[in-house]
Amino acid sequence: MCGIVGILGRGPVADQLVDSLKRLEYRGYDSAGLAYLDGSNTLHLDKQVGRVQALIDEIGGDQLPTSTSAIGHTRWATHGTPTIANAHPHTNTDKTIMAVHNGIIENYVELREHLQRQGYQFVTETDTEVIPHLIDFYTRTSQNFSEAFEQALNQLRGAYAILAITSKDPDALYAARLSSPMVVGVGEGELIVASDPAAILEHTKQVVYINDYEFVCVRRDGTYDIKNFKDARPVNHEVETLDYDAAQASMGDFPHFMLKEIHEIPQTIRSATLGRVRVESGTVKLGGLESVAEQLKYIDRIVIVACGTASYAGLYGEYLIEELAGIPVEVQQASEFKYRKEPFSRSTALIAVSQSGETADTIAALKKVEDYGVLRLGVVNAVGSTMTRMTDAGVYCHAGPEQAVASTKAFFAQSIVLMLIGLYLSNGQTDLYKPLLEELNVLPQKAEQVLAQAEQIKALAQKYKDYEDFMYIGRGYAFPCALEGALKHKECALVHSEGYPAGELKHGPLALIDERFPTFAVATDSAILDKTYGSIEEIRARKGPVIAIATEGNEEITHLADDVIYVPHATEQTAPLLAAIVMQLFSYYVAVEKDLSVDRPRNLAKSVTVE
Ligand code: AGP
């Protein structure tokens, strides 16, 4: 899950390219590189291990600033360790063709052996290096570069978004996609091809989304052609306008995107319900589901597929939809779902939940049921992303761009949208309908009240920053939120953290508990709070430190826990969401205390576009 970008302009493109690379860094940041054509149409290559800034510091080429055609890459290694050699772009032997790639070429070994038999020398451990050599091989027998590129594409197996630049045709850039995301930005005097609108936003809001099996050629005169390289059919796509601006996608005055995005949670809740909740008429309107409203009446089973934080929002949604609409729901990790052999009936609906809309495992889950006649719905944040074009209908999260690798505000947008879907499917036939509609109206303010305790949560993080193990527990709606808390502590603060249903502790995990293994207990008011107290007692009996998140006014908890963070009164369903804000902030502050790379945790990437 790398980031790729290419810019072809009438004027110099270097600054834009570097800016776009930085905006793509959340997709992978173990190495970076770029290739550009100079004034005499000679190709130059610069690559560096580490962040994009390391590449910028390294770039010697005095020709780059004047270049009007360039491609770039930020890497998340899949094949070959992060070295300068393995960094992209990769080149053919005479350095006339250079390519960057996001994805995995599954048949690269076989292609490499075939090309080595043709005399090609390979200098990297990557799968990607076969691409420029393969194009080179086909230029020997093709009329032109475009034809050679297309022939090479038809040999590749796997997932890819590829961008190629060549001195053989300096007034064009060539690109193609299969599974990995790609968008073309139509700017004033330049065309930009990139993995993600974030890389384009600073230059234009006019974008064209590229689909699977599509081959794009962009030209210096501002024109571009799209073709399906499986059936050679020309393709026309509408130019769409991005509905957010660069400011929204920038850090503003915050030190990190993660903190900025946590502080956007109240607005995220408002945006997720805007125009969808009518308290006075007691109605929920989900325009995105109207086209399938009839089918939804006959749904008797829902399967939610997702990964990571999105799967925890899915689990929260499972509890809610079952309680509100009485339809059996099960959450499945998308990476497992794809390979399970389970029965499906036409009265089953599949809901794919995703922030990026580009997660390969979840896309594969959607593809799996393509011919099952199953209704495929999406709860997605990224507008125009692949999943939104694979589903029959869906509900956007409207959380705005999320840049930090650790997903925070998107968890709330997904959970709230799943609540709206539960309320929508309940058709008002639940006692919880009105109370939850009213609660959604006031939840943003309650979230602001929690954020107002940031200093207290920071102090707690300073107190617990050196613990190497942490347990997160909750019952009912608090369990998915505990899982989310544990994941943030893992990925941001690099601490071994386990999320567990509180009742499960005594079936094994309790063995881990001692004075060196603190527990975060989500103990907000609920009908089963006493049970959670019981779990806390079990931990106390083993000298485990306990941080409890409780509902304000709960005195009893102060006798059970070492530290307590209070959240405002809320419904049994929404109070754990307020607790999740505390846990996300806690992990953020521990990561800052430990001086870690908060927005770019090691070994991770924002949208996981390979299986
Ligand atoms: C969460 O902080 C992680 N970045 C990761 O688990 C993420 O939630 C998962 O990869 C799913 O991503 P998606 O929502 O974009 O599909």
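**View 1. Pro-89 sits in the loop that links β4 (69-75) to β5 (90-91).** Helices here (H or I, at least four residues) and strands (E, at least two) are DSSP runs, numbered from the N terminus. The bond to look for joins His-88 to Pro-89: this peptide bond is cis, with omega near 5°. Before going on, note that this is a predicted model, where local features need pLDDT of at least 70, side-chain atom pairs count only at pLDDT 80 or more, and totals for chains, interfaces and linings use all residues. Residues are numbered from 1 along each chain as its sequence is written, and side-chain values use heavy atoms, with hydrogens and water left out.

**View 2. Lys-95 is found in the loop between β5 and β6 (97-105).**

**View 3. Helix α4 (residues 130-139) packs on helix α5 (residues 145-153) at an angle of about 125°.** Their axes are 8 Å apart; axes are lines fitted to C-alpha atoms, for helices over the stretch in contact, and angles run from 0 to 180 degrees between N-to-C directions. That angle makes α4 oblique to α5. (Under 35 degrees counts as roughly parallel, over 145 as roughly antiparallel, 65 to 115 as roughly perpendicular, and the rest as oblique.) The two pass in a right-handed crossing, meaning the near helix is turned clockwise from the far one by less than a right angle. On the α4 side, Leu-134, Ile-135, Tyr-138 and Thr-139 make the contact, and on the α5 side Phe-145, Ala-148, Phe-149, Gln-151 and Ala-152 do; contact means heavy atoms within 4.5 Å. Sorted by class, that contact has seven nonpolar, two polar and no charged residues. Ala, Val, Leu, Ile, Met, Phe, Trp, Tyr, Cys and Pro count as nonpolar, Asp, Glu, Lys and Arg as charged, and the others, Gly among them, as polar.

**View 4. Helix α9 (residues 308-325) packs with helix α12 (residues 409-426) at about 20°, their axes 8 Å apart.** That makes α9 roughly parallel to α12. Their crossing is right-handed. Residues making the contact include Tyr-312, Tyr-316 and Leu-320 of α9, along with Phe-411, Leu-418 and Met-419 of α12. Which classes turn up in this contact? It has 14 nonpolar, seven polar and no charged residues.

**View 5. Helix α13 (residues 433-451) meets helix α17 (residues 575-593), with axes that come within 10 Å and cross at roughly 30°.** This crossing is right-handed. From α13, look for Leu-443, Lys-446, Ala-447, Val-450 and Leu-451; they meet Leu-577, Leu-578, Ile-581, Val-582 and Leu-585 in α17. Nine of these contact residues are nonpolar, none is polar and one is charged.

**View 6. Around the ligand there are 15 residues, and Ser-354, Gln-355, Ser-356, Thr-359 and Glu-491 come nearest.** A residue is near a molecule if one of its heavy atoms lies within 4 Å of it. An N or O atom in the Ser-354 side chain is 2.6 Å from an oxygen atom of the ligand. For Gln-355, a polar backbone atom is 2.6 Å from a ligand oxygen atom. Thr-309 has a backbone N or O atom 3.1 Å from an oxygen atom of the ligand.

Note on methods. A polar contact is a pair of N or O atoms within 3.5 Å; within protein, one must be able to donate a hydrogen and the other to accept it, and residues adjacent in sequence count only if both atoms are side-chain atoms.
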